[in-house]
Amino acid sequence: MRAHNESGMKMARFLEGHPCVQRTYYPGLESHPHHAIAKEQMSGFGGVVTFEIKGGLRAAKAFLNHLKLCYIAPSLGGVETLVTHPGMVSYYKRTRKERYALGIKDNLLRLAMGVEDCDDIIADVDQALRKSVKK
């Protein structure tokens, strides 16, 4: 769990500062709306990081296609790093309007960090972001 928490925080900080990322959601970040509560209640913030990629659905799909190390799967909490597009997987039966009302936008991606070397996963995510988002 220590490595899981550390990797989650490292990835969240990386994504929060990335020029191809619109917004990062992770309770360990001061920018998270519930950070103060999470800090009081948690000893670690976990390995699941959610983010919005710039460029909408097209960019989100391209990002998934450019990943080399991360597995595309709807499960969370495994030993391998997994990434999913909630709008196409978990909320596929909802209309776009219903999804957006819940905060599930077309550009939203969820990353569950595994136990691989975090720097390798960050490099993979970085190259996929840069290839996917048109400047």
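Guide: A residue counts as buried when its relative accessible area is under 20%. The model is a predicted one, and with that cut-off in hand Tyr-26 counts as buried, because its relative accessibility is 0%. Phe-45 is buried as well, with a relative accessible area of 18%.

These two residues belong together, for the structure holds 2 aromatic pairs, and in one of them Tyr-26 and Phe-45 sit edge-to-face, with 6.3 Å from centre to centre and 70° between the planes. The pair links distant parts of the chain, since Tyr-26 lies in the loop between β1 (21–25) and α2 (35–41), while Phe-45 lies in the loop between α2 and β2 (48–53), 19 residues apart.

Phe-51 and Phe-63 form a pair whose ring centres are 5.7 Å apart and whose planes stand at 85°, so this pair is edge-to-face; the angle decides the label, because planes over 60 degrees apart count as edge-to-face. Phe-51 belongs to strand β2 and Phe-63 to helix α3 (residues 56–66), so the pair ties together parts that are 12 residues apart in sequence. Both Phe-51 and Phe-63 are buried.

The axes of α3 and α5 come within 8 Å and cross at roughly 140°, which makes α3 oblique to α5, because an angle would have to be over 145 degrees to count as roughly antiparallel. The crossing in which α3 passes α5 is right-handed. On the α3 side the contact is made by Arg-58, Ala-59, Ala-62, Phe-63 and His-66, and on the α5 side by Asp-124, Val-125, Gln-127, Ala-128, Leu-129, Lys-131 and Ser-132. Sorted by class, the contact of α3 with α5 has 6 nonpolar, 3 polar and 3 charged residues.

Helix α5 (residues 118–132) also packs with helix α1 (residues 2–16), at an angle of about 30° and with the axes 10 Å apart, so α1 is roughly parallel to α5. Here, too, α1 passes α5 in a right-handed crossing. From α1 the contact takes in Ser-7, Lys-10, Met-11, Phe-14 and Leu-15, which meet Cys-118, Asp-119, Ile-121, Ile-122, Val-125, Asp-126 and Leu-129 of α5. The residues of the contact of α1 with α5 divide into 8 nonpolar, 1 polar and 3 charged. Val-125 and Leu-129 of α5 take part in this contact with α1 and also in the contact with α3.

Methods. Residues are numbered from 1 along each chain as its sequence is written. This is a predicted model: local features need pLDDT of at least 70, side-chain atom pairs count only at pLDDT 80 or more; totals for chains, interfaces and linings use all residues. Side-chain values use heavy atoms; hydrogens and water are left out. Axes are lines fitted to C-alpha atoms, for helices over the stretch in contact, and angles run from 0 to 180 degrees between N-to-C directions. Helices (H or I, at least four residues) and strands (E, at least two) are DSSP runs, numbered from the N terminus. Angles under 35 degrees count as roughly parallel, over 145 as roughly antiparallel, 65 to 115 as roughly perpendicular and the rest as oblique. A crossing is left-handed if the near helix is turned anticlockwise from the far one by less than a right angle, and right-handed if clockwise. Contact means heavy atoms within 4.5 Å. Ala, Val, Leu, Ile, Met, Phe, Trp, Tyr, Cys and Pro count as nonpolar, Asp, Glu, Lys and Arg as charged, and the others, Gly among them, as polar. Rings of Phe, Tyr and Trp (its six-membered ring) pair if their centres lie within 6.5 Å; planes under 30 degrees apart count as stacked, over 60 as edge-to-face and the rest as tilted. Buried means under 20% relative accessible area, exposed over 50%, partly exposed in between (1.4 Å probe, protein chains only).
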